[in-house]
Amino acid sequence: MLSLLRTFWEILKHTFRRRLTVQYPEEKPYLAPRWRGRIILSRDPDGEERCVACYLCAVACPVDCISLQATEDKNGRRYPEFFRINFSRCIFCGFCEEACPTYAIQLTPDFEMGEYKRQNLVYEKEDLLISGPGKYPGYNFWRVAGVEIGGKGKGDAEREDPPTDVRSLLP
Amino acid sequence: MATIVVDNQPYQVHPDQSLLAACLGLGLDLPYFCWHPALGSVGACRQCAVKQFRDEKDTRGRLVMACMTPVAEGIRISIDHPEAVEFRAGIIEGLMQSHPHDCPVCDEGGECHLQDMTVMTGHAYRRYEFAKRTFRNQDLGPFVAHEMNRCIQCYRCVRYYREYAGEYDLNAFSLRNQVYFGRSEDGVLESEFAGNLVEICPTGVFTDKTLKRHYTRKWDLQMAPSVCVHCGLGCNITVGERYGTIRRIVNRYNGDVNGYFLCDRGRFGYEFVNRPERIRRPLLARDGALVPLTAEEALKRLGMLLASASGMIGIGSPRASLEANFALRKLVGAGHFFAGVGEREHRLVGLGLEILRKGPARTPSLAEIEKCDAALVLGEDLTNVAPRMALALRQGTRQQPMELARQKGIADWQDDHVREVAQDERGPLVIATPNQTRLDSIATTFRGSPDDLALFGFAVARAIERSSQAPLEDSARHEQALINETARALASAKRPLVVAGISLASESMLQAAAKVAWALAKSNPQSAISLATPEANTLGLAMMEAPALESAAQTIREGSADTVIVLENNLYRRADSRLADDVLKRAKHVVVLDFLPSETTAVAELVLPAGTFGESDGTFVNNEGRAQRFLQAFVPEEPVLESWRWLARAMAASDRGEGAAWKNLDDVLGAMVSALPVFGPVRDAAPDSGYRMAGAKIPREPHRYSGRTAMLANINVNEPKPPDDPDSPLAFSMEGAPKEPPGALIPFFWSPGWNSIQATNKFQSEIAGPLKGGNPGARLIEPPSLTVPRQPADTGETTLLLRGPEPPAGVCLAVPLYHIFGSEELSSWAPAVRELVPKPYVALNPEDAQALGLAEGQIVRVAVATSSPPGQSKDGKEFSLALKLASGLASGLVGLPAGLPDFREPTMPAWVTISKAS
Ligand code: SF4
Ligand code: SF4
Ligand code: SF4
Ligand code: SF4
Ligand code: FES
């Protein structure tokens, strides 16, 4: 009898507690910016594709769910011809983001990717590429790399001397 | 054997090597840059520093460069001593000061020796804060990309290019920290072996430009051991595939054959496999067009054809594997199988085979050619016909000067010191050819028509015989002096070598070479003879002893067969078009198995899509008679199949022969060996399909192979099971034994911490020695050694006349001129190679041209004279060609390019007339 009353009392007490249940999907939970959800490919501050198709994310991925093919534009700037993530395999570990030398691939605080058909979980570059720099504004790999691309010649990168004159013997 | 103590561990090693080589040979990890097993030591980079101690009590020791210190009995060193470790890390830090932030976009990344060594030394953090020096790049042609910023100034490129490959257009320029490696101006690298820079350079300065167009990291390639298909030398290669196309070829070390180097035709010719023109489905001729069929339809059709045929013949090919040729032979019956070459080539190769078999001079491997200290080349322009052999001969000319260094107590690997002693000295190399060759700068040359060259050979043979009785007297006549000099050089050499071949189609030249070898072998059992064969399986096909195309045409003409099956062959390249028509157009049914369209597939009734070397397993026999297995790198999209499988299925479809029951390559090999016992050793060329390592198959993919669950997800999200491989112990997978497989089965060279091709060190039983368990390949030809002196059959010639028969007035002899890029059928399909294929031309000596009033570039009419030597009945051709002045061409001769993709030259040598085009 006593225990029954105590139960009622406990329930009554809870009625005045702060509610923990969230009315998802009407109400969205707060997710930290570093939350590891749906993967995107970002753009550099100049609005160009950041990914340089280095294959590092693909090789870091423990479930091998990233595949891509590198190609180059006529100015020598490398980018992925296609870029595919099979989200039905992805475990959202974030290794790809860690491996990426250009901040191109990023995990985002979005997990709403449910599909009825598994095939729809295969994302191509069109599905992945966003229009901004994502979490890392400012960084542009090509500004620090030594290779030439259109609009950036030898010696134009950050902290580079102008190209040496091979024919000069002056110190 | 000497005992060395490394970090207090005693080891037994060979005494005649450097400490670095000894340590690497023991499997120890010691970083290095400027040393290369084929180039020796110069001690330039200071990366291989170790501590050396006087004795057990010495605790201070001193830093020495391992690559410059010879192995000595009882020497004590330490690799792990903190001072040595710190020194090596410091060196790397210095090298990395100006290194660009390029790894993600650098094609070397993931197989970079600099990356590996940086990780090995532990340098991880950049302290240098000033600006980096930069360089401009150069355009070095279609094969090699240049990115100078990445250079660490190790000098390996120029040492290889200038000193090993003997070409001088690549050099080191400028000074201090600005040393630049490149050409004096943009332009195609002149060396035919420039592609090796890609592997020689430990960084990403020189990379494969063809790979760049479909770039894939090494870790993502599915790889398999293979054999080059672009000439008869059979260099070993590693094929890398991704997404169904071949991405690149790299060298596969075989201590007996190609060692560390390939030629550019072999390295960059692979792109024929990826051509959009590839035949990918069975095709049936219907109403003048070829319509695609399914594999089942095609096999049904083929079965019907075979059942209704009143007699059929099979035509094999010197570019198809032994297995494919044998399967065809089985299908049509041994008596109906013909070699897919013309009578002339058939006779020449047959003669060559007889010479090699009879001996007593043995045919050397490429590695042995590098050790030959005197050589005579009769008729062959090796750089353009059997390129890798030219590179081997070049090393041969260093043998005698090296002897000088040896006498001074300098070890062979002390590269700088050896060169200091040798200076420009070269051992004797005599080249007798109609035109100048790329080896001329290190050779004594003799120019003439094929007959002149044969006579020269005979004269040398006689002079050698005479010299064994009395010393040769000097002669005032230039030619006689040259003959005597050649004879003397060969007779006094330790390992003399004669090289000939069939490129000038001269039997007497082969006989002359045999005579020289014979004369030498009488007094020196080390004498060797090597014959260059044009195609990957020329010798293998010859050993099947099938009659030539002419006999096939005869069979068709007589009406005893009305169906022809052609295996991987374009008959119009082999023979006169009339003869090819005789075979193909007279037959009622023509079935062709091939992978690229040709004049032959165009006249076929049924075309079956055959797999290329990357898509098939099989065996080739190289010019030395070495049977070498090549393994499939990837499974092509259906219905492309390896030729022998098509033929086995055809046998099943028509209930013919035991071939119907063949399940895998081992079955074909088994049947072949019992039908043709000469091929007995072929089964030893590689372990059979049942071979397992630690109970598992050997993976073709590195364990970091990426994208398995995404590569095909666009087609179907459910991953397919990896294909089975019934034919070999390799698996199309990344799972398997993490051990070093036997030589013939090494899919790629990789070892923990050694991602670059330098991992080869870990697979050798000693540095630059044989692979662990022996170099792959099985020799089919071992001549009996000379025990009882025998007399060679006398061929009758005896004159010392050094001019061939005078041609009729106004008529000159046309000889074929070969091109490394262009004369070979398959590589000419590769876009990069195609860029360097010359336009058809006619070559004349400048004096001859002047006498005819012709100038460079002028359009000239070349007509094949009807009175051509017997047996040369080309279709009375006439050509209008631009004149090229060739100052090296023997006077009186006309040169025409051989085998170019868009040019059908007459059968040569041929008599031609030359006139100004009106
Ligand atoms: S989050 Fe992890 S599993 Fe998903 S793609 Fe990236 S590396 Fe692969
Ligand atoms: S790691 Fe980054 S730059 Fe490299 S391929 Fe992946 S997304 Fe592109
Ligand atoms: S280009 Fe390569 S091989 Fe040549 S010096 Fe530089 S790093 Fe060494
Ligand atoms: S020498 Fe011949 S076999 Fe060797 S790589 Fe060149 S073409 Fe291929
Ligand atoms: S490898 Fe020894 S100094 Fe370069």
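This is a predicted model: local features need pLDDT of at least 70, side-chain atom pairs count only at pLDDT 80 or more; totals for chains, interfaces and linings use all residues.
B:Glu878 sits out in the open: its relative accessible area is 52%, so it counts as exposed.

Over all chains, the structure holds 65 salt bridges. Side chains of opposite charge can pair when their charged atoms come close. Here are three of these pairs.

| Salt bridge | N to O distance |
|---|---|
| A:Asp44 and A:Arg77 | 3.3 Å |
| B:Arg708 and B:Glu735 | 3.5 Å |

In chain A, the salt bridge joins A:Asp44 to A:Arg77. A:Asp44 is in the loop between strand 1 (39-41) and helix 2 (56-60), while A:Arg77 is in the loop between strand 2 (66-72) and strand 3 (78-86), so the pair ties together parts of chain A that are 33 residues apart in sequence. Are these two buried or exposed? A:Asp44 has a relative accessibility of 3%, so it counts as buried. A:Arg77, at 13%, counts as buried too.

Back in chain B, B:Arg708 pairs with B:Glu735. This link also spans distant parts of the chain, 27 residues apart: B:Arg708 is in the loop between strand 28 (698-699) and strand 29 (730-731), and B:Glu735 in the loop between strand 29 and strand 30 (778-779). B:Arg708 is partly exposed at 39% relative accessibility, and B:Glu735 is exposed at 54%.

## Nonpolar cores and domains

In soluble globular proteins, nonpolar side chains tend to be buried together. The largest nonpolar core here has 99 residues, and the members touching the most others are B:Leu20, B:Tyr160, B:Phe206, B:Val842 and B:Ile914. Which helix gives the most to this core? That would be helix 1 (residues 19-25) of chain B, with six residues. Domain 1 (2-95) and domain 4 (802-916) of chain B each supply at least three residues to this core.

Take B:Ile914 as a close-up. Setting aside neighbours within four places in sequence, its contacts include B:Val842, B:Leu844, B:Leu852 and B:Leu854.

As for the domains, the assignment for chain B lists domain 1 (2-95), domain 2 (283-345 + 540-741), domain 3 (363-386 + 420-526) and domain 4 (802-916). Taken over C-alpha atoms, the centres of domain 3 and domain 4 of chain B are 26 Å apart. Their contact takes 21 residues from domain 3 and 19 residues from domain 4.

## Around the ligands

Ligand 1 has 13 residues around it, and A:Cys61, A:Cys90, A:Cys93, A:Gly94 and A:Cys96 come nearest. What is this shell made of? Twelve of its residues are nonpolar, one is polar and none is charged.

Around ligand 4 you'll find chain B residues, including B:Cys228, B:His230, B:Cys231, B:Cys235, B:Cys263 and B:Arg388. This shell has seven nonpolar residues, three polar and one charged.

Technical notes: Residues are numbered from 1 along each chain as its sequence is written. Chains are lettered from A and ligands numbered from 1 in the order in which they are written. Side-chain values use heavy atoms; hydrogens and water are left out. A residue is near a molecule or strand if one of its heavy atoms lies within 4 Å of it. Ala, Val, Leu, Ile, Met, Phe, Trp, Tyr, Cys and Pro count as nonpolar, Asp, Glu, Lys and Arg as charged, and the others, Gly among them, as polar. A nonpolar core is a set of buried Ala, Val, Leu, Ile, Met, Phe, Trp, Tyr and Cys residues joined through side-chain atoms within 4.5 Å. Buried means under 20% relative accessible area, exposed over 50%, partly exposed in between (1.4 Å probe, protein chains only). Helices (H or I, at least four residues) and strands (E, at least two) are DSSP runs, numbered from the N terminus. Domain bounds come from an automatic or database domain assignment. Contact means heavy atoms within 4.5 Å. A salt bridge is a side-chain nitrogen of Lys or Arg within 4 Å of a carboxyl oxygen of Asp or Glu.
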